[in-house]
Structures are given as structure tokens and as C-alpha cells.
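Hi,

Here's the structure I promised to send over.

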Amino acid sequence: MFGSHEKEKILEVRGLRKFYGSGEGAVKALDGVDMEVYDGELLVILGSSGSGKSTLLNMIGGMDLPTNGSIRFKGREISRFKDKDLTLYRRNNIGFVFQSFNLISELTVRENVALTADTRNNPGIVDQTLDLIGLSEKKDKYPSQLSGGQQQRVAIARALAGNADILLCDEPTGALDYETGKQILVQLQKLSRENGKTVIIVTHTKEISLMGDRVITVKDGKIKNTWINDEPVDASGIEW
Ligand code: ADP
Ligand code: MG
């Protein structure tokens with residue numbers, strides 16, 4: 001994938017630092033991160049708990065601002081965006097999938113997905129996305145009527161319906177049993193391979209990184225290693 005035909009770089013991070021708190025109690029969550037994201041790739045960010053993975057994902061997604069450093073999305077410096085532009089960036093360019101699904105329990109599956117949907121440009125997007133993720137039959141159910149795996153698929157559909165350029169998945173299997181978690185990884189790999197979505201998966205599980213087109217390992221807020229996976233493993237074949 002990174003051989004003969006070059007992929008377009010859509011995101012570039014340089015010298016990224018994030019400190020929480022100040023003075024002697026300050027926590028260095030990110031300590032000088034440089035990385036890139038390429039269009040259509042499945043990128044896995046691997047690191048143990050507390051290494052800074054969620055902080056990095058939140059900065060990339062415009063959920064929080066870095067202490068210093070640069071994040072360029074398609075050439076625009078998002079780390080200097082004001083609130084309004086940051087909100088637009090999150091809404092128009094980024095889809096988030098969290099460990100805990102973050103669905104709204106009072107809304108149906110369809111309504112949850114419709115929250116982010118770009119219905120002006122594509123009136124059928126909600127149903128199309130539910131179809132894509134295999135949830136059409138559950139569209140009038142409420143989150144509490146679904147299994148954990150189905151709820152996570154709703155969260156993925158919601159992230160996709162906004163027509164996000166990048167899908168950011170923070171430990172997306174963390175709250176699921178093994179087989180269900182694997183199915184979610186299969187779905188995410190399929191979205192990248194068949195639908196050309198750019199997907200970033202954050203995990204602390206080394207075996208999961210084998211499914212990535214590229215893998216970045218983080219430790220103590222720094223990038224330890226970046227490698228290109230010449231033969232990504234099918235998510236269905238991963239064991240951990
Ligand atoms: P990971 O996702 O890899 O487990 P995090 O990015 O959540 O790591 O955390 C990196 C470091 O920053 C940890 O030491 C964590 O305790 C600290 N941290 C994360 N969020 C906050 C916060 N809101 N306030 C203070 N410290 C934080
Ligand atoms: Mg985390």
C-alpha cells in the first residue's frame with residue numbers, strides 16, 4: 001500500500017506537547033510527537049495504559065488543544081483554531097468511536113446516527129450508513145435493546161454518517177467480549193479497505209496492531225517506533 005503509489009498525507013503532527021496542570025504537579029502526557037496520517041490508511045497507535053494515546057487522539061480530533069506544537073489537517077493549522085472553527089472541524093472532518101460507545105439512551109438507533117448526519121448533501125445517508133454497518137433491522141430500537149457489539153456498530157455508523165475524513169477509534173473493543181470485539185475490528189478494517197476510509201485505532205493490545213497498514217508505538221508521551229506493515233493481517237484472523 002505504501003509502495004508504488006504514494007498516499008496523500010492528510011494530517012501532519014509536529015513537536016506536539018500536552019501538559020496537564022502546571023508547576024511541580026504537571027503531567028507530561030505528550031512530549032514531542034511527530035507523525036503523519038495518510039488518506040485511506042488503517043493506522044494503529046499502540047501503547048500501554050497512560051502512554052498518551054487518548055491524549056494524542058483527542059488533539060488530532062480537535063477535542064482539546066495542545067500545549068504546543070502543530071497539527072495540520074489538509075494544510076490547515078487546527079491547533080490555532082478558535083472554538084467555532086474547532087467545532088466545525090470536529091463536525092465536518094472527524095468521527096469519534098469511544099470505548100464506551102457514548103450513545104444517547106433516549107434516542108433510537110436511527111436518531112443517534114442522524115445526530116451527525118450530513119442530510120443536506122445526502123438525504124439518504126442515515127439509512128445508507130446503517131445498511132453499510134449491518135444495522136438496518138435495528139434502526140427503531142433503543143441502545144439498551146442492543147448488545148454491546150451492536151451498540152458499538154451504532155457508534156461507528158454515527159461517526160461515519162457525518163462523512164468524516166478520519167475515523168478515530170479509542171480502544172473500540174475495550175468494553176466488548178472477545179468475539180464481538182473482533183467483529184468490530186473486522187468492520188473497521190472493511191471500512192478502510194472497501195470504502196477507502198482513513199481509520200485510526202488506538203489500542204494497548206499488540207496483536208491488534210498486526211491488522212494495521214501502519215503502526216505507531218508510543219511510550220511516555222513519545223513515539224518509539226513507526227513501521228509499515230507489508231502484509232496486514234485480516235482482523236478476523238487476529239488472536240489475543
Ligand atoms: P492512554 O490513553 O495511553 O492510557 P492518556 O492519554 O489517557 O493515556 O494519559 C496520558 C497521561 O496523561 C497519563 O499519565 C494520564 O494520567 C494523564 N492525563 C490524561 N488526561 C488527564 C487529565 N485530564 N488531567 C490530568 N492528567 C491527565
Ligand atoms: Mg486511553
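What covers the buried residues of α2? Keep in mind that this is a predicted model. The cover includes strands β1 (9-20), β4 (68-73), β5 (76-77), β6 (94-97) and β7 (166-170), along with helix α1.

The residues being covered are Leu86, Tyr89 and Asn93, the buried ones of helix α2, which spans 83-93. Looking down the axis of α2, these buried residues fall within an arc of 70°, so they line one face of the helix.

Now for the ligand. Around ligand 1 sit Tyr20, Val27, Ala29, Ser48, Ser49, Gly50, Ser51, Gly52, Lys53, Ser54 and Thr55. By type, that shell splits into 7 polar, 3 nonpolar and 1 charged residue.

A few polar contacts to check on your screen:

- Gly50: a backbone N or O atom lies 2.7 Å from an oxygen atom of ligand 1.
- Ser51: a polar backbone atom is 3.2 Å from an oxygen atom of ligand 1.
- Thr55: a side-chain N or O atom is 2.5 Å from an oxygen atom of ligand 1.

On its own, ligand 1 would expose 560 Å², and the protein buries 58% of that. Two elements give two or more residues to the shell, β2 (27-38) and α1 (53-60). The largest share, 3 residues, comes from α1, and α1 is also part of the cover over α2's buried residues.

Cheers

Conventions:
Residues are numbered from 1 along each chain as its sequence is written. Chains are lettered from A and ligands numbered from 1 in the order in which they are written. This is a predicted model: local features need pLDDT of at least 70, side-chain atom pairs count only at pLDDT 80 or more; totals for chains, interfaces and linings use all residues. Side-chain values use heavy atoms; hydrogens and water are left out. A residue is near a molecule or strand if one of its heavy atoms lies within 4 Å of it. A polar contact is a pair of N or O atoms within 3.5 Å; within protein, one must be able to donate a hydrogen and the other to accept it, and residues adjacent in sequence count only if both atoms are side-chain atoms. Accessible areas come from the Shrake-Rupley method with a 1.4 Å probe; for residues, only the protein chains shown count as cover. Helices (H or I, at least four residues) and strands (E, at least two) are DSSP runs, numbered from the N terminus. Ala, Val, Leu, Ile, Met, Phe, Trp, Tyr, Cys and Pro count as nonpolar, Asp, Glu, Lys and Arg as charged, and the others, Gly among them, as polar. Buried means under 20% relative accessible area, exposed over 50%, partly exposed in between (1.4 Å probe, protein chains only). The arc is that of the directions from the helix axis to the C-beta atoms. Contact means heavy atoms within 4.5 Å.
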